[in-house]
Structures are given as structure tokens and as C-alpha cells.
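Thank you for making the time this morning. I would like to walk you slowly through one structure, so please look at the sequence and the model before I go on.

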Amino acid sequence: MKRLLAVTLGILTAIGGFVDIGDLVTNALVGARFGMRLAWVVVVGVIGICLYAEMSGRVVAMSGRPVFDLIRERLGRRTGLFALVASFLVTLLTLIAEIGGVALAFELASGVNYLLWMPLAALAVWLVVWRVKFSHLETAFGLVGLLLIIFAVALWKLGPDWGELMHQATSPGPIGHESWMTYAYYAIALFGAAMTPYEVFFFSSGGVEEKWGRKDLGTERSNVFIGFPLGGLLSLAIAGCAAVLYLPAGIKVDTLGQVALPTAVAFGKLGLAIVLLGVFAATFGAALETSLSCGYTIAQYFGWQWGKFVRPRQASRFHLVIVICLALSILVLLTAVDPVKVTEYSVVFAAMALPLTYLPILIIANDPDYLGKATNGRVLNFFALIYLGLLLLASIAAIPLMILTKAGQ
């Protein structure tokens with residue numbers, strides 16, 4: 001049990017990064033439209049985020065300082081500012097969507113319009129950030145989020161043709177009336193969602209919150225290599241459920257209720273109750289991650305006191321940034337903008353910001369002044385550079401594909 005609790009930071013980071021409100025809907029949407037023909041993107045994304053999350057965690061374990069703090073120091077304030085602006089805006093956009101996602105989960109459970117739940121959701125996030133210890137929140141929401149494993153169990157219960165699913169997974173490309181441009185658009189969206197910038201900043205800052213040192217390298221790697229692949233498996237299970245239930249009937253998915261329906265078909269009301277609890281934990285956990293990440297990046301760039309390892313009054317500007325971001329989230333959502341659409345756009349915009357996030361991490365992970373003898377090896381650098389090329393390609397193609405496909409329509 002102690003070892004399981006030691007990897008809850010990775011589980012929370014991965015569940016928030018892979019199965020937040022946008023990923024829940026996007027994976028189901030992709031499964032309903034393309035079957036498992038985009039599963040390879042999830043696999044590529046999992047490997048990529050494992051590479052760079054391990055680097056960022058290793059930087060923390062060896063230096064005792066979070067990645068963004070070192071980016072500013074190593075690359076200078078001007079270069080650091082580019083990374084700050086790109087990652088902060090994407091993270092804020094994601095926070096807006098997650099607050100909306102928590103409200104949608106409550107709407108699904110209560111029948112009360114999600115607009116009425118939004119202020120309460122934002123208030124609850126602030127109270128947890130303000131009052132609950134970091135170790136408690138990561139353990140609670142990381143473990144409850146594991147209830148989303150019900151998607152994998154539901155997929156088995158639905159009795160799919162496993163050979164057909166495997167055939168789809170090994171036959172990448174559009175089907176029916178879908179175009180290659182639409183296929184590429186959703187491939188970039190899934191890739192951007194898997195490697196969204198706030199994951200590495202939250203993960204590295206969480207390492208500082210937990211006071212990781214050199215002796216914790218094993219724990220750091222366990223978090224990476226258990227948590228992120230688990231998030232990827234949940235994403236594939238959600239897409240698989242949609243591929244089995246909706247693809248043969250030609251039904252498109254665009255609501256949270258449709259995402260949860262396969263579990264209700266498989267297990268009835270009990271399945272629906274479990275998946276709603278899991279969705280709440282995942283979206284609320286993602287809201288905590290993104291709100292904290294907003295505070296982490298701003299405070300670390302400007303050199304302010306930050307974190308939950310000190311009393312709130314000692315990190316007042318860090319907490320003020322979080323409060324302002326939550327207030328902005330409410331104001332945006334009260335315009336009745338669709339939270340699901342906000343997240344779908346945020347993962348595409350995240351793809352644009354990816355090189356600005358991951359190039360500085362790669363530079364720092366090769367600096368012996370910070371990591372001593374624990375810098376990247378040649379093999380790791382080879383694969384990291386390949387991924388950097390993929391990230392650059394995705395960032396260049398994201399907006400043109402969004403315009404040409406009318407956001408995947």
C-alpha cells in the first residue's frame with residue numbers, strides 16, 4: 001500500500017492529463033468516428049510524455065528546484081517569458097474547461113443546469129487548494145480517479161470483436177466519408193492532449209512539494225512509468241467503448257452523457273454511479289492541477305515564494321494568482337460557452353506551445369551544473385530529439401488544420 005501511495009502523484013497527473021473533460025469527450029468522439037484507427041497516437045503520446053516527464057522529475061530530484069525556475073535562470077528572462085506566456089495561456093484555457101467539466105459532472109448526476117454549479121465548483125477548487133495538504137489531495141483524487149478503470153471493464157463486458165478492434169488499431173487512416181485532413185486534425189489534438197504542457201510543470205512542482213531528492217529517483221520513475229501508461233490505457237478503453245457502441249450505428253459523440261453511456265449499458269445504474277464518481281474525480285483533479293500550475297509557473301518565473309509546503313500567507317502572491325485564474329474561469333463560463341469545445345480548442349492550442357515547453361526541459365536535462373552525472377544519455381537524447389521534431393511539426397500544422405477542417409467538423 002505504501003508503494004501504491006508513493007505513485008499517486010503520477011496517477012493524478014496522468015489521469016488529469018489524459019482523461020480530463022476534453023479527453024473524455026475527444027477519445028469517445030474519435031472512437032465513434034474512426035474506431036481504434038487513432039490508437040497509435042495515444043501510444044506515441046504516452047512514450048513522449050514519459051520521456052519528458054522523467055527528465056523534469058529527474059531535474060527536481062537532482063537539483064531540488066522545479067523546471068520553470070531553472071528555465072528562467074538557465075535561458076534568461078526573455079526566453080523564459082516566451083515559455084511562460086505560451087504555457088500559462090494554454091493552462092488557463094484548460095482550467096476554464098475543467099471547471100466547466102466538474103459542473104457538467106454535477107449536472108449529469110443531479111439534473112441541475114451546469115451553469116448553476118460552476119461558481120460552486122470554482123469555490124470548491126479554491127478551498128481544497130487553500131486548506132488541503134498536497135499529499136492528501138494527490139492521494140484522494142488520484143485513487144478515486146482510478147474508478148475510471150470501469151471503462152476497461154465495460155469494454156470487456158460489452159463483448160467486442162477483439163480481432164476487429166485490433167484490425168482497426170493496425171489500420172491507421174480515415175474511414176467512410178472522413179478526410180485525411182480531419183484524421184490529421186484529431187491526431188494532433190490527441191497528441192497535444194497527451195503532452196499538454198501543464199503536466200510536466202505540475203509533475204515537477206509536485207516533486208518539490210514532496211521534497212524529492214536523489215534517493216527518490218526510483219519513486220519519480222515509478223510515478224512516470226506507472227501513472228502515464230495507465231492514463232493512456234484509460235484513453236484507449238474510452239475510445240474502444242465508443243468504437244463498439246457508436247461506430248456501427250453511425251452515432252457521433254459530443255456530450256458527457258454519451259461518454260458515460262457504455263458503462264451504463266454494461267453494468268446498469270451501478271456502472272453509471274461509478275463512472276460519474278470517476279469523472280468527477282478526474283475533472284476535479286485536473287482543475288486542481290491546472291489551477292496550481294497557473295500559480296506555479298507565474299510564481300516560479302518571477303521568483304516569488306510558492307507552493308503548499310509553506311503557509312498560504314507566506315505565498316500570498318502564488319495563491320492570489322490562483323484566485324484570479326478561478327475568477328476568470330467563472331466569468332468566461334458564464335457567457336455560456338461550451339466547456340467541451342473550450343477543451344477541444346485548448347488541446348489544439350497546446351500543440352502550438354509544445355516546442356516552447358519541451359525544448360527548455362531538454363536543454364536543462366543535459367546541463368551537468370544542475371544534474372551532475374545524471375544528465376541525459378545519448379540514446380535518450382536521440383529519442384527526445386525525434387519527439388522534438390514531432391512536436392514542432394504538430395505546432396506548425398495545428399492551426400491550418402483547425403481552419404481547413406472547421407475544427408474537425
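This is a predicted model: local features need pLDDT of at least 70, side-chain atom pairs count only at pLDDT 80 or more; totals for chains, interfaces and linings use all residues.

Residues are numbered from 1 along each chain as its sequence is written, and side-chain values use heavy atoms, with hydrogens and water left out.

I will start with the cysteines. If we define a disulfide as a pair of cysteine sulfur atoms within 2.5 Å, then a search of the whole structure returns 0 of them. Cysteine 294 is in no disulfide, and its nearest cysteine sulfur, which belongs to cysteine 325, is 4.0 Å away. Cysteine 294 is buried, because its relative accessible area is 0%, and cysteine 241 is buried too, with a value of 1%.

From there we can turn to the interior. By a nonpolar core I mean a set of buried Ala, Val, Leu, Ile, Met, Phe, Trp, Tyr and Cys residues joined through side-chain atoms within 4.5 Å. The largest such core has 133 residues, and those that touch the most other members are Leu38, Tyr52, Ile99, Phe151, Met195 and Tyr358. Helix α14, which spans residues 256-302, gives the most to this core, with 16 residues; helices here are DSSP runs of H or I with at least four residues, strands are runs of E with at least two, and both are numbered from the N terminus.

What does tyrosine 358 contact, leaving aside its neighbours within four places in sequence? Taking contact to mean heavy atoms within 4.5 Å, the partners of tyrosine 358 are Ile49, Tyr52, Met195, Thr196, Pro197, Val200, Leu388 and Leu391. Glutamine 168, found in helix α10 (residues 162-169), is likewise buried, at 4% relative accessible area, and beyond its neighbours within four places in sequence it is in contact with Gly35, Met36, Arg37, Ala243 and Leu247.

Next come the charged pairs. A salt bridge is counted when a side-chain nitrogen of Lys or Arg is within 4 Å of a carboxyl oxygen of Asp or Glu, and the structure holds 8 of them. In one, the side chains of arginine 221 and glutamate 54 meet at 2.9 Å, N to O. That pair links distant parts of the chain, since arginine 221 sits in helix α13 (residues 217-245) and glutamate 54 in helix α4 (residues 39-63), 167 residues apart. Arginine 221 is partly exposed at 34%, whereas glutamate 54 is buried at 7%.

Arginine 65 takes part in a salt bridge with aspartate 69, where the closest N and O atoms are 3.2 Å apart, and in another with glutamate 73, where they are 2.8 Å apart. Arginine 65 counts as partly exposed because its relative accessibility is 25%, aspartate 69 counts as buried at 14%, and glutamate 73 is partly exposed at 43%. Through shared partners, salt bridges join Arg65, Asp69, Arg72 and Glu73 into one network. In helix α5 (residues 67-75), the buried residues include Val67, Phe68, Asp69, Leu70, Ile71 and Arg72, and the helix is followed by glycine 76, whose phi is positive, near 95 degrees.

Let me close with the backbone. Most residues other than glycine have a negative phi. Lysine 211, however, has a positive phi of about 60 degrees although it is not a glycine; it lies in the loop between α12 (197-209) and α13, and it counts as exposed because its relative accessibility is 61%. Alanine 336 also has a positive phi, near 75 degrees, and it lies in the loop between α15 (316-333) and α16 (339-364), where it is partly exposed at 47%.

Key: Buried means under 20% relative accessible area, exposed over 50%, partly exposed in between (1.4 Å probe, protein chains only).
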